[in-house]
Amino acid sequence: GNHGGAINGIAVDFPNHHFLTTQLYGGQILAYNSANAEIFAQSVGYCPDTTGFDCNHRRIWAGAQCGGGNDPLFVFNADTFAKIAGPIGTGGVMGAVRVNPVTGKLYVTEGTVSKEVNPKTFAVTTTSFGNVEAIDSVTDRLFAVQGTDLQVVNGATDTVTKTVSLGYTPGDMGVNNALGHIYLTSQPANAIEVRTEKGA
């Protein structure tokens, strides 16, 4: 649909065949069905610009800017679209949101570290590792970037189990659960680097 505002942060709800997005300047969280018809719109104020979908816990997370240094998060029920909580202040400037579907925890990119959101209390705490860029929902491992280092993090305990020096800061990262591969974009090499999760 055409909403006359910047559309950002698309996430996909595969079980329901919905896709979710945000309207940055219109201040809305939007959902569409497989026929591309709008089925949900809620104004949240601020400037929502990123989404995350938690398949296991059936939640939609949306992060917003325009919080004056305390950018907020909102969480909705993925089936009814009822708002569960928000605005949840993060105490910083919002970046990407990554959902760990194993634990339900949310990781918010903010500067050089991730902030973690407890899915039950919605308390926001600063982690001891870099920005979470990818999550393996089978092995419950997080892959974080701190400077030019790749950190492998145990998702259950939030502890860094391995640090690998890359020599560059990845532009983006993805996980292939079936092959146990991590894909990192290297801007200096103008290429995609493939690593095994075990070897990182």
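Predicted model: local features only at pLDDT ≥ 70, side-chain atom pairs only at ≥ 80, totals over all residues.

User: How many disulfides does a search of the whole structure find?

Analyst: The search returns 1 disulfide. The bond joins cysteine 47 to cysteine 66, with an S to S distance of 1.8 Å.

User: What is the handedness of that disulfide?

Analyst: The disulfide is left-handed, because the torsion about the S-S bond of cysteine 47 and cysteine 66 is about -90°.

User: Which parts does the pair tie together?

Analyst: Cysteine 47 belongs to strand β5 (residues 47–54), while cysteine 66 sits in the loop between β6 (59–65) and β7 (72–77), so the link ties together parts that are 19 residues apart in sequence.

User: And cysteine 47, is it buried or exposed?

Analyst: Cysteine 47 counts as buried, at 14% relative accessibility. Cysteine 66 is partly exposed, with a relative accessible area of 47%. Cysteine 55 is also partly exposed, at 35%.

User: Turning to the sheet, in what order do the strands run?

Analyst: The open sheet has 4 strands in the order β5-β6-β7-β8, with antiparallel pairing. Strands β5 and β8 (83–89) each have a single partner strand and stand at the edges, so one side of each is left without a neighbour in the sheet. From one strand to the next, the twist averages 20°.

User: Over how many bridges do β7 and β8 pair?

Analyst: The two strands pair in the antiparallel sense over 4 bridges.

User: Which residue in β8 stands opposite phenylalanine 76?

Analyst: Lysine 83 is the residue opposite phenylalanine 76.

Technical notes
Residues numbered from 1 in each chain as written. Heavy atoms only, no water. Disulfide = S-S within 2.5 Å. Buried < 20%, exposed > 50% of the residue type's maximum accessible area, 1.4 Å probe, protein only. Pairing = 2+ DSSP bridges. Axes fitted to C-alpha atoms, helices over the stretch in contact; angles between N-to-C directions.
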